[in-house]
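Biologist: I am new to this structure and would like to learn how to read it, feature by feature. Could we begin with the way its chains meet?

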Protein chains: 2
Amino acid sequence: MEFSHVVRARRMVRNYDPDRPVPDEVLSRVLENAVRAPSAGFSQGWDFVVLRSDEERAAFWEATTDPASPPDSWLRGILNAPCLIVCCSNPGAYLDRYAEPDKGWTDRDAGRWPVPYWDVDTGMAALLMLLTAVDEELAGLFFGVPVERLDTVREALGIPDDRNLVGVVSLGYRAPDRKSPSLSRGRREVEQVAHAGRFGTPLDL
Amino acid sequence: MEFSHVVRARRMVRNYDPDRPVPDEVLSRVLENAVRAPSAGFSQGWDFVVLRSDEERAAFWEATTDPASPPDSWLRGILNAPCLIVCCSNPGAYLDRYAEPDKGWTDRDAGRWPVPYWDVDTGMAALLMLLTAVDEELAGLFFGVPVERLDTVREALGIPDDRNLVGVVSLGYRAPDRKSPSLSRGRREVEQVAHAGRFGTPLDL
């Protein structure tokens, strides 16, 4: 598919056909593209836990939701996703990489980093998954794990404590869903977010 | 260009033809795609300061480098970039968005966020810029501002203190450059980063 079409067609999809799993070759392409995300110092401090069977996905949902509450419409849609990819970042891999002689930050001080590139780079990998899903005529969603469930998810999936859970990509074939009410906020167009030369100076293209 | 080709062709380019500016229509497409990045709650808490004239770019480089030191080979290449886009995130936009009734985090507590999605989402926008550059047969680089220069850059470009400087995208037409020595580390392939069902279980596709 044309790149510009993929970018324009991508949107977060919150319901999937539960009877159509993600073919292995599609999952493979999704992951092959994810590992082409850029990363600071080529640290590549990311891991992706792929949940496909009913049991694997149930373990995730049990760890993130309250079984006493009936699922809301958001959850009912996402529960249909045949594949979840839990995207983890590894801050230690970056601190180790930048302690090497060519970088020289031997104190491994996270305060040297203007933003946490481990999370940013893993987010870029997640975006490549979402775009690849569109290119393969599937759909995806990226969503975060609630802070109060992070430890439960780590435990359920055996994820080491030193990993950050950056978010989860759900993948599948689209089913009808409700557009996110957030979209009614409207897109901030280029004129609103781009500045020429100095913050606050309109960019005229 | 085919999406899969764009993903495969993208790499960080550290030298540019100084005599070929980025055409306005290309810059426009780069920014149009950037604002199609996803964002938590459609917060879109990002701003992009575009530096194109010699004076604008010099202001940035003066704020980030030591005039007493001769430029190293990295800097000599990047100084040729005809266009720099300083990518800023706005944490307050996310805290405001999630204080609205449909989200309900009225305490505006940043501790509710598992990772700083303001930085992650702005990073996704930067990746869309880099990919769009490839699609337009230009090249780009994403690099961070050193922590000790963040305030100087904010001051030089009039960027409010409440914005994070997530990184800078340089854009231009490629000139010969040296591959990053980091690449000799080798890519972590899918088999090394993907886990099936549980962290540590190999994924067999």
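Modeller: In general, the size of an interface is often given as the accessible area lost when the parts come together. Here we can count contacts instead: in this predicted model, 73 residues of chain A are in contact with 73 residues of chain B.

Biologist: Which element gives the largest share of the side of chain A that touches chain B?

Modeller: That is helix 6 of chain A, with nine residues. By class, this side of chain A is made up of 42 nonpolar, 15 polar and 16 charged residues.

Biologist: Which strand of chain B is joined to strand 5 of chain A, and by how many bridges?

Modeller: Strand 5 of chain A is joined by three bridges to strand 1 of chain B, residues 46–51, and the two run parallel. Within that strand of chain B, B:Val49 stands opposite A:His195.

Biologist: Which residues touch the most other members of the largest nonpolar core?

Modeller: The core has 122 residues, and those touching the most other members are A:Ile85, A:Cys87, B:Ile85 and B:Cys87. Leaving aside residues up to four places away in sequence, A:Cys87 touches, among others, A:Trp46, A:Phe48, A:Ala125 and A:Val168.

Biologist: How many residues of helix 6 of chain B are buried, and why should the helix span 27 Å?

Modeller: Helix 6 of chain B is mostly covered, with 19 of its 19 residues buried. At 1.5 Å a residue its 19 residues should span 27 Å, which agrees with the 26 Å between its end C-alpha atoms. Just after this helix, B:Glu137 takes a positive phi of about 65 degrees.

Technical notes:
Residues numbered from 1 in each chain as written. Chains lettered and ligands numbered in written order. Predicted model: local features only at pLDDT ≥ 70, side-chain atom pairs only at ≥ 80, totals over all residues. Contact = placed C-beta atoms within 7 Å. Helix = DSSP H or I, 4+ residues; strand = E, 2+ residues; numbered from the N terminus. Nonpolar A, V, L, I, M, F, W, Y, C, P; charged D, E, K, R; others polar. Pairing = 2+ DSSP bridges. Core = buried A, V, L, I, M, F, W, Y, C linked by C-beta atoms within 7 Å. Buried ≥ 20, exposed ≤ 12 C-beta atoms within 10 Å, placed from the backbone. Expected span 1.5 Å × (residues − 1).
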